[in-house]
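Please look through the sequence and the model below before reading on.

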Amino acid sequence: MYKYDEYDQRTVDERVTQFADQTARYLAGELSDDEYRPLRRQNGLYIQRHAPMLRIAIPYGNLCPAQLRMLGHIARTYDRGYGHFSTRQNVQFNWPNLEDVPEILGLLATVQMHAIQTSGNCIRNVTADPFAGVAADEHIDPRPWCEIVRQWSTSHPEFSFLPRKFKIAINGAAQDRAIIRVHDIGLDLVRGTDGDTGFRVLVGGGLGRTPIIGEEISPFVPWQQILNYCEAILRVYNLHGRRDNLHKARIKILVKSLGVAEFARQVDAEFVHTRDGLSTLTQAEIDRVADRFNDPVLPELPAEDAGYAAQLAANKAFANWVKRNVRAHKAPGYVSVVLSLKKIGAAPGDISADQFDAVADLADQYAFGEVRSTHEQNLVLASVRQADLFALWETARSLGLATPNIGLLTDMIVCPGADFCALANARSIPIAHAIQDRFDDLDYLHDIGEIELNISGCMNACAHHHVGHIGVLGVDKSGEEWYQVMLGGDQGNQAVLGKVIGPSFAAADLPDVISTLINTYLDCRHEEERFIDTVHRVGIESFKTRVYVERDARLEGRKRPDAPNH
Amino acid sequence: MPQIIKNGRIQGDEWKVLRGVGNDAAATMAVPAGRVIVPLAVWQAQRPQLASSAEAGMLGVWLTGDTDLAALADDLMALPLIAVDFPRFTDGRGYSIATQLRTRYGYAGELRAIGDVLCDQFSFMIRCGFSTLQPCEERYNRVQIDAALTRPGDFSGPFPRNRRGTR
């Protein structure tokens, strides 16, 4: 992964000093709450339900063992022994003391980590494919481009007080795994007619209160100009985005109100002036960044390992895990492994201090020290020998990190919800637990097959419920927690927003509602057809009808005291 | 005399900022003698009377975040001073206005940040091309300003690296 140079290190070190000073001035009463708020947010610090929440950046999801061990140390020393992976590949601690945060940031700086711009109305941590650099379907490695965007956007003087937050994601594979179509800017690495690298640029996507799929504003921006082009987009947004209403301040609202054609015209008019400007990239600059990635040299291996094939044949549990949690790698004889943070009974995305350390050890022993976080709140070991998989699986299993459920119903994306988050309208973790309990039979889960269930505790949509095959949204109805259910959303190249199926449900109803959706699918599906494909083929109407018929029957049953309780 | 930060140093300031005026009143608003920074509307409404003062280096104009620079830039380039108002420090339009004045229009005169100008944003402002920072009067004492000027802040610089230090 990328190794800091002296500028990167100094930037982070001095940012720690600066934040310690800002916090000291705040605590001394020199800075008001309003003045301190954007400063702390741009260092990842929220004031939450129980305590401050510190969100630490994991740039495009890349982590090394030393960093994981430091996160474990922080969890143990300053938190309650665990951390939480967010849906933007970052990690969050829910229990630090405000006074300790400068010290925590100082520790992070020693392992080339920071919390810069993980919150606030600025350019946020850039996200990417967790399999970047190793995916079999990748045509251009997005990581150097992500790092360049990270360096460019860090403390950008012009864009640190935007109307609202701004998220950039980059994809370089055939199958988009970075949901670039729901980002403020989505960058798709493409080859031009002469084979040269460039970017297809999408703009104005986003979820939250007003979910919108981003639209293309340029089919090809040459790589030399990509930052100049982004500056043109950001300048139009900074000058013309709404600042009168927090809920209408994202770039998607500006793009929608102008229309994408007019927005593109304004960007092009600005780009005439930013083209060849200060942020023009050179080959030397790309090389400087790319060379610091220091990718491991993978010894050449035969495409198939005989021992591995035998283990697969002999052990069904191992084979199940491989089927669900192992992905193709571009190098013969290697695979990528997804470590599940979705063990039954655990809060999705949560990881204990000991697990942080254990994942670091696994990465050292089996994965050339390369770990990634995913927006689905799991971890990836990027490069593992086929021959090492069995031993890795046995260790990961003993650590509770080998639940064979990646891509299955219990691999839910779940925000922290009202248990932790001050914004949430409803709890999401207990809903996840109730669904985990209902669907705890692994054979049944495997039979249901691939399905994405995303649960957000409020319309800010941290769990990306609009692009879940099933999306659940917590809503507040006169002080009570209710849950809206959406159907038919999808991420990836054909990203689409789900549709609300009807009136919301009480928490206790949700496992039954999910059961009805699954049963409808099982009754309708063609052979080898995934849940989402059945939904799109059959339409949501039949799912919806059955959900409410069965819900009403349950309600009727509860009213009659002599009726058996289903 | 108000304190300003000009080219990195604290100094007294002779300029008076003529504040709020509706467009209706712009034509009739009295412009005091001495160095004055007037609202854009006043400059546009009273240009014939004010031109000599501008030529003598005694008149500046302040802009709001919604100013359409493309339509006005030619008119503004000859002014000795342009100020950009930050109505709230979280309103970041002024950074783009300043950047455009310096990089696109090549404005070389004094560029001043006025309004809700806070010391934790000094470095952003300087890096966008402001030469003068004018915090609200009485917001900071001398000790606080001195401390702000010695703090690191300009550490990350422009990107790419080969352009470091060029702005």
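The questions and answers below go through some pairs and residues in turn.

This is a predicted model, in which local features need pLDDT of at least 70, side-chain atom pairs count only at pLDDT 80 or more, and totals for chains, interfaces and linings use all residues. Residues are numbered from 1 along each chain as its sequence is written, chains are lettered from A and ligands numbered from 1 in the order in which they are written, and side-chain values use heavy atoms, with hydrogens and water left out.

Q: How many salt bridges are there over all chains?
A: A salt bridge is a side-chain nitrogen of Lys or Arg within 4 Å of a carboxyl oxygen of Asp or Glu. Counted by this rule over all chains, the salt bridges come to 49.

Q: Which parts of chain A does the pair A:Arg288 and A:Asp5 tie together?
A: The two residues form a salt bridge, with 3.1 Å between the closest N and O atoms of A:Arg288 and A:Asp5. Helices (H or I, at least four residues) and strands (E, at least two) are DSSP runs, numbered from the N terminus. A:Arg288 and A:Asp5 are 283 residues apart in sequence, so the pair ties together helix 9 (residues 283-291) and the segment before helix 1 (6-27).

Q: Is A:Asp5 buried or exposed?
A: Buried means under 20% relative accessible area, exposed over 50%, and partly exposed in between (1.4 Å probe, protein chains only). A:Asp5 has a relative accessible area of 13%, so A:Asp5 is buried.

Q: Where do A:Arg25 and A:Asp21 lie?
A: A salt bridge joins A:Arg25 to A:Asp21, the closest N and O atoms being 3.1 Å apart. The two are four residues apart, about one turn of the helix, and both lie in helix 1 of chain A.

Q: Which residues are linked with A:Glu158 in a network of salt bridges?
A: A:Glu158 and A:Arg235 meet through their side chains in a salt bridge (2.7 Å, N to O), and both residues are buried. The network of salt bridges links A:Glu158 with A:Arg235, A:Glu270 and B:Arg104.

Q: Which backbone oxygen does the side chain of A:Gln42 reach?
A: A:Gln42 is placed in the loop between helix 2 (33-41) and strand 1 (45-47) of chain A, and at 5% relative accessibility A:Gln42 counts as buried. At 2.7 Å, the side chain of A:Gln42 reaches the backbone oxygen of A:Ser160.

Q: Which residues is A:Tyr4 in contact with, leaving aside neighbours within four places in sequence?
A: A:Tyr4 lies in the segment before helix 1 of chain A and counts as buried at 8% relative accessibility. Contact means heavy atoms within 4.5 Å. With neighbours within four places in sequence left aside, A:Tyr4 is in contact with A:Gln9, A:Val12, A:Gln112, A:Met113, A:His114, A:Arg150 and A:Arg292.

Q: What percentage of the residues in chain B is buried?
A: Chain B has six helices and eight strands. Of the 167 residues in chain B, the buried ones make up 54%.

How values were computed. A polar contact is a pair of N or O atoms within 3.5 Å; within protein, one must be able to donate a hydrogen and the other to accept it, and residues adjacent in sequence count only if both atoms are side-chain atoms.
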